[in-house]
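Have the model open on your screen as you read.

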Amino acid sequence: MNVEQIVAHARDVFAKAEDIASLENAKARFLGKTGELSTLLKTLGALDIAARKREGARMNVAKQQIEDLLRARRETLKRALMQRRLTAEAIDVTLPGRGIGPGALHPVMNSWERAENIFRGIGFDIADGPEIETEWTNFTALNSPENHPARSMQDTFYIDAHRATGERLLLRTHTSPMQIRYARAHRPPLRVLTAGRTYRVDSDATHAPMFHQVEGLWIDERLSFAELKGVYIHFLRQFFERDDVHIRFRPSYFPFTEPSAEIDMKFEQGRYAGRWLEVSGAGQVHPNVLHNMGLDPERYMGFAFGSGLERLTMLRYGIEDLRLFFEGDVRFLKQFA
Ligand code: DAH
């Protein structure tokens, strides 16, 4: 092969190299010690001086050309590689950003805070208590003796560990045990609101195994349903931020109150207009419960209520399915932020 053929061959081979690695391999075939050009160089010795000079110069030019071809091909391959990576790793900067939201209270937490603020505003103390309760405080002291059918209405999760006293522990089924705890630690007259998480073996569109209640207790020497009614309607009007709220008491049964009532409410206007909606249990504190509070039932009387916070929140916003509160779907939650 002559110089021109070698250069042409190199151009051809370099063009066929599809990546940098094969290009560098191909380089040795032309510029390496045993490459085509070096082989040709060895034939120079047989030529006379003038021809050797002329052919030597041509070979130098050829070597230079091959190096230029190599460099050019290397550049092309590098650029192609870069182009492929840019395409593969492309980021669409025109997509809307994910953003970092400031975060907000869960709607149920918001209702919890609102309830506390409303009752604090009318002189109620705010208290909270343990979610893991003793069987005594959750049931027995509230006048639901062992084997009483009312206990099965509030089936719950029992804890394997017992207290040192041998007493069974459970997840509280309502916030009512806080009535016992608070009344045993304070002297009447007392007014307290306590809210928090409660648990039951229950799960469907309107029941969750974990939910929230607000509980109110008012104990004094002379009280009546009128006080309870006044306090509760004040709460509802503040909570729903409207005046067209009416309530009625419907006879009911709870072991810890006598008489017991269900509080229903009705809006004059809007989505639920004219429909009675159940919002709370209530009643006059049972003498046995006053006794378990360490109070003399002959001297003191009390009124109490317990309402579901999810239920109140659903009515406030017109939410139909309780489970939405627990799914953590931001599309739902951010409507309340
Ligand atoms: N603890 C009851 C429940 O979870 C609700 C309730 C009813 C609470 C009457 C009260 C009350 O304080 O007086 O269903």
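## The second largest pocket

Sorted by class, the lining of the second largest pocket comes out as eight nonpolar, four polar and two charged residues. Here Ala, Val, Leu, Ile, Met, Phe, Trp, Tyr, Cys and Pro count as nonpolar, Asp, Glu, Lys and Arg as charged, and the others, Gly among them, as polar. That lining has 14 residues, and Gly103, Ala104, Val330, Lys334 and Ala337 sit nearest the pocket's centre. The volume is about 310 Å³.

A word on terms: the search runs on a 1 Å grid over the protein atoms alone; a cavity is a set of points where a 1.4 Å probe fits but cannot get out, while a pocket is an open set with protein on both sides within 12 Å along at least five of seven lines, and lining residues have an atom within 4 Å of a point. Points are joined across faces, edges and corners, and a volume is the space filled by probe spheres set on them.

Keep in mind that this is a predicted model: local features need pLDDT of at least 70, side-chain atom pairs count only at pLDDT 80 or more, and totals for chains, interfaces and linings use all residues. Residues are numbered from 1 along each chain as its sequence is written, and side-chain values use heavy atoms, with hydrogens and water left out.

## Gly103

Gly103 belongs to the loop between α4 (49-88) and α5 (107-121); helices (H or I, at least four residues) and strands (E, at least two) are DSSP runs, numbered from the N terminus. Because its relative accessible area is 59%, Gly103 counts as exposed (over 50%; buried is under 20%, partly exposed in between, with a 1.4 Å probe and protein chains only).

## The largest pocket

The largest pocket has a volume of about 1,000 Å³. Of its 45 lining residues, Arg200, Phe211, Gln213, Glu278 and Gly308 lie nearest the centre. Strand β9 hands over the largest share of the lining, six residues. By class, the lining splits into 20 nonpolar, 15 polar and 10 charged residues.
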